[in-house]
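I opened my notebook for a slow look through this one. Here is what I looked up, entry by entry.

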Amino acid sequence: MNIIPGFERRRRISKQIAALIEKRQEKRGLLIAFEGPDGSGKTTQRKLFKQWLHSEGHDVTTTKWNSSALIKPVVKVRKQVRALSAEEFCLLHAADYRYRMDSEILPALWEGTTVVADRFLFTALARDAARGLELDWLLKVYSPLFWPDLVFYFSVSPETSSQRIAADRDPSYYEAGQDITQIDNPLQSYRTFITRVIAEYEALAGIFKFVTIDAEQSDMISTG
Amino acid sequence: MANQGRLIALEGTGGYALAQAAKRLQRQLREPRKPAPPVCTWDASGIFHEIREGARGIPGTSPRTLLLLYAADLAFRLRWQIRPALESGITVIAAPYLETAIGFGRAAGLSSSWLKDLLSFAPAANGCYRSPEGATSVAKMPKASDSFLEFGFLQLRNTDGRWNTDEIRAGFIAHLAGLENKGKCATVMALKPTK
């Protein structure tokens with residue numbers, strides 16, 4: 001006797017859905033994130049890693065932080081005119097991230113393509129927490145959370161990151177965290193801000209078991 | 001220290017109906033010998049305008065992304081319009097405010113806990129009203145340029161086709177009606193036209 005009406009049917013459908021998800025998971029591509037402060041050499045290593053994956057016959061696509069065609073221009077204009085509060089900075093980057101998740105990253109993963117992310121969720125968590133926002137709220141803003149299969153974290157000291165950035169250029173207003181530090185000199189501000197960002201990264205690296213790479217060596221970065 | 005002003009939320013589908021309701025509410029809330037309360041409208045930050053201008057040929061967004069954008073715009077409105085008014089002791093009408101976002105998100109299937117967490121940076125309103133959602137002429141229908149809902153529907157129609165915007169609209173109106181039934185908001189009723 002069927003005690004609960006529709007119970008058997010629901011159980012059958014649940015099994016079918018579970019089987020479909022399992023089948024989908026089998027062919028899902030890997031999501032691999034490259035994280036670390038500016039000047040840590042992660043972009044150089046990400047490019048080399050992508051080349052290696054290609055040479056091994058993998059389908060690979062790259063996604064970069066704050067790069068969606070829809071939202072990036074909005075963020076860019078506001079950064080130029082220094083018009084973003086910490087919350088607005090966070091929410092616009094979260095919108096860009098969600099848009100890329102929906103339109104680029106998840107479709108590629110379900111097609112079996114490996115996605116290499118040049119900065120991912122942890123960039124947001126480290127930078128926004130360094131701007132004084134609560135980690136708990138940030139995790140909710142970025143929900144539902146999709147953890148990468150692998151995170152390479154390029155670890156450098158604040159001094160090394162600052163020196164490498166200074167060798168090339170002055171950091172931009174938000175990159176230097178001048179919205180938070182109120183320090184006029186971009187490089188001085190960068191040194192203060194990146195110290196906070198690195199502290200957040202180091203905490204995340206322990207919690208989320210990043211593969212930490214000592215990026216202090218100069219051969220980690222591009223010479224070209 | 002000046003008295004804290006009051007924050008009045010006015011929720012609705014947007015466009016002409018919401019603008020008219022805001023005018024009526026301004027008249028209702030106006031104190032003798034004081035200017036009418038300012039109305040803080042959607043997209044004061046210009047985020048949605050810029051996206052609409054630049055979106056041609058680009059796939060649309062999901063409800064969750066739309067709500068993150070709404071929250072970003074709301075953070076801007078709070079920083080530049082709502083909080084300064086409240087701190088000056090001025091009553092301000094936020095049209096729309098939190099329940100428009102929550103109603104849209106709930107109708108699109110998002111969890112109310114996520115929506116409340118997302119918008120937790122915004123203070124609760126001291127009073128909540130909704131615009132009448134009766135039949136209106138085509139010329140007065142909300143447009144994507146003056147309505148978060150219509151902007152959202154335009155985006156959703158430009159995705160993979162899995163969103164039923166009529167259902168979301170009905171769910172949104174049902175959400176506001178539910179609030180009214182629970183006594184949490186009231187419809188702004190028409191006043192006699194002023195000369």
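Predicted model: local features only at pLDDT ≥ 70, side-chain atom pairs only at ≥ 80, totals over all residues.

**Proline in a loop, and onward**

I started in chain B, where B:P96 turns up in the loop between β3 (92-95) and α4.

Next I went looking in chain A. There A:S143 and A:P144 are joined by a cis peptide bond, and omega is about -5°. I placed A:P144 in the loop between α6 and β4 (150-155) of chain A.

**Chain A as a whole**

I counted up the elements of chain A and got nine helices and five strands. Along the sequence their order runs α-β-α-β-α-α-β-α-α-β-α-α-α-β. For overall dimensions I took the principal axes, along which the C-alpha atoms of chain A fill a box of roughly 75 × 40 × 35 Å.

**Two helices of chain B**

How do α3 and α4 of chain B cross? I looked at α3 (residues 63-87) and α4 (residues 98-107): their axes come within 10 Å and cross at roughly 175°. Angles over 145 degrees count as roughly antiparallel, so α3(B) is roughly antiparallel to α4(B). On the α3(B) side I listed B:P63, B:L66, B:L67, B:Y70 and B:L74 as the residues making the contact. Their partners on α4(B) are B:L98, B:T100, B:A101, B:F104 and B:G105. Sorting the residues of this contact by type, I got eight nonpolar, two polar and no charged.

**Where chain A meets chain B**

I then turned to the interface. Chain A puts 23 residues into the contact and chain B puts in 26 residues. The area buried between the two chains is about 2000 Å², and carbon and sulfur atoms give 67% of that area.

How many salt bridges link chain A and chain B? I found two. One of the pairs I looked at is A:E88 with B:R79, a salt bridge whose closest N and O atoms are 3.0 Å apart.

Which helices of chain A supply at least two residues each to the side that touches chain B? I noted α3 (72-80), α4 (86-110) and α6 (135-141). Of the elements on that side, α4(A) gives the most, with nine residues. By type, the residues of chain A that touch chain B divide into 15 nonpolar, two polar and six charged.

Over all chains, my count came to 13 salt bridges. I stopped at a pair within chain A, A:K140 and A:D136, whose side chains meet in a salt bridge at 3.1 Å, N to O. Why are A:K140 and A:D136 separated by about one helical turn? I worked it out from their places: these two are four residues apart in helix α6 of chain A, so about one helical turn lies between them.

Terms used. Residues numbered from 1 in each chain as written. Chains lettered and ligands numbered in written order. Heavy atoms only, no water. Contact = heavy atoms within 4.5 Å. Buried area = accessible area lost by both parts, 1.4 Å probe. Salt bridge = Lys/Arg side-chain N within 4 Å of Asp/Glu carboxyl O. Nonpolar A, V, L, I, M, F, W, Y, C, P; charged D, E, K, R; others polar. Axes fitted to C-alpha atoms, helices over the stretch in contact; angles between N-to-C directions. Parallel < 35°, antiparallel > 145°, perpendicular 65-115°, else oblique.
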